[in-house]
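I set down here, in order, what I looked up in this structure.

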Amino acid sequence: MDYNTKLATSANKVKNIVCMGLDPVLSVLPYEELDGLSRIRKYMENLFEAMKKAGLCPAAFKPNIGYYSILDRPRQGRFDGSLALAHVLDMLESFFPGIPVILDSKRGDIAKSSLNYANEAFSCWNADSVTVSPYMGTDSVSPFSFPEKGIYVLDRTSNPGGADLQNRLMLDSVDEKETYPLYMAVAHTIVRWSEGKPGYGAVVGATNMKELEDIAGYFAGKNIAMLIPGVGSQGGSAEEVMAALRRASYDVSIARINSSSGLTHPWKKAPAPKDWTSSCLFGLEKLISEAGI
């Protein structure tokens with residue numbers, strides 16, 4: 001099964017296009033008495049059990065590798081973060097089989113190095129897809145094209161600083177009087193890279209609806225998956241995203257609307273409330289209702 005088919009299958013199974021970011025901030029999690037590895041493991045296990053009991057299942061999960069690797073101390077022989085991520089991935093397979101896992105690592109380098117990063121994501125971690133930077137071009141991105149795996153190329157990101165480069169205007173190579181933003185040039189490039197190679201997608205933030213709708217309209221019918229961060233704490237609206245995708249005639253079953261801290265620790269600051277699972281489930285249920293299909 002190719003990656004986009006897996007996306008559509010899982011979305012139709014759970015009737016939503018929510019992607020749940022799994023980015024544990026150790027300082028705000030419950031179980032303060034435990035070490036980092038045990039704390040993350042117990043927290044995630046209890047969260048997944050509560051989700052399963054409540055019948056709440058998103059259509060993808062997205063752990064950001066940096067939130068785990070920061071706990072590693074390799075020169076001291078400690079790999080708590082890597083072990084925590086391994087436990088989380090194992091639990092996802094057990095609790096939510098068939099739901100895609102996106103490893104958010106934003107890799108990109110010369111070809112041989114990119115192939116190492118691709119093997120890290122797909123062979124070491126057995127993720128279904130990975131986020132990739134397009135800055136170094138085709139020989140940097142193409143090594144991530146693995147059978148049945150997905151590649152989300154950073155296009156128009158949700159962070160404020162994304163505009164520094166992504167919104168720079170470029171002259172059209174044919175009509176030099178016409179200009180378009182760099183993010184549209186990246187969108188065109190992603191489509192070109194995807195020819196004959198399924199699994200290509202784009203990261204497009206939810207913090208500017210006009211830009212998102214323009215990109216979605218261009219991708220419509222081209223089988224380009226969209227990963228859409230920025231909903232929740234960054235100010236994006238899932239309902240507005242859904243409306244924009246539908247206006248653009250984009251296949252919503254291969255889109256994923258991501259929220260991370262708003263779902264996993266919406267209290268933001270320590271200490272975690274005693275009924276912390278209820279806070280998480282409330283946010284997840286709301287997002288699933290807004291991003292239902």
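I worked on a predicted model, in which local features need pLDDT of at least 70 and side-chain atom pairs count only at pLDDT 80 or more, while totals for chains, interfaces and linings use all residues. Residues are numbered from 1 along each chain as its sequence is written, and side-chain values use heavy atoms, with hydrogens and water left out.

**Entry 1**

I looked up Met170 and found it in strand 8, residues 169-171; helices (H or I, at least four residues) and strands (E, at least two) are DSSP runs, numbered from the N terminus. Met170 counts as partly exposed because its relative accessibility is 29%. I listed its contacts (heavy atoms within 4.5 Å). Leaving aside residues up to four places away in sequence, Met170 touches Glu178, Thr179, Tyr180, Leu182 and Ala185. For Met170 and Tyr180, I noted a C-alpha to C-alpha distance of 5.4 Å at a separation of 10 residues in sequence.

I then turned to Met136, in the loop between strand 6 (129-132) and helix 6 (138-141). Met136 is partly exposed, at 41% relative accessible area. Together with Ile110, Tyr135 and Leu165, Met136 makes a nonpolar surface patch of about 480 Å². Patches are made of residues with over 30% relative accessible area and no salt bridge, like charges being joined within 9 Å and nonpolar side chains (Val, Leu, Ile, Met, Phe, Trp, Tyr) within 5 Å. The areas come from the Shrake-Rupley method with a 1.4 Å probe, and for residues only the protein chains shown count as cover.

I traced an open sheet of eight strands in the order 2-1-12-11-10-7-6-5, with parallel pairing; two strands pair if DSSP finds at least two bridges between them. Strand 2 (60-62) and strand 5 (102-107) stand at the edges with a single partner strand each, so one side of each has no neighbour in the sheet. Neighbouring strands are turned by 30 degrees against each other on average, direction ignored. Axes are lines fitted to C-alpha atoms, for helices over the stretch in contact, and angles run from 0 to 180 degrees between N-to-C directions.

Strand 1 (residues 18-21) pairs with strand 12 (residues 255-259) over three bridges, in the parallel sense. There, Met20 has Ser259 as its bridge partner. Helix 1 (residues 3-14) packs on the sheet, and its direction makes about 70 degrees with that of strand 12. Helix 10 (residues 238-247) lies across strand 11 and strand 12, at about 165 degrees to strand 12.

**Entry 1: salt bridges**

How many salt bridges does the structure hold? I recorded eight, a salt bridge being a side-chain nitrogen of Lys or Arg within 4 Å of a carboxyl oxygen of Asp or Glu.

Glu120 and Arg107 meet at 3.0 Å, N to O. This pair links distant parts of the chain, with Glu120 in helix 5 (residues 111-124) and Arg107 in strand 5, 13 residues apart. Glu120 is buried, at 19%.

Asp104 and Lys106 form a salt bridge at 2.7 Å, N to O. Asp104 is buried at 5%, whereas Lys106 is partly exposed at 42%.

Asp214 and Lys210 bridge at 2.6 Å between the closest N and O atoms. Both lie in helix 9 (residues 209-219), four residues apart, about one turn of the helix. Lys210 is exposed, at 55%.

Methods:
Buried means under 20% relative accessible area, exposed over 50%, partly exposed in between (1.4 Å probe, protein chains only).
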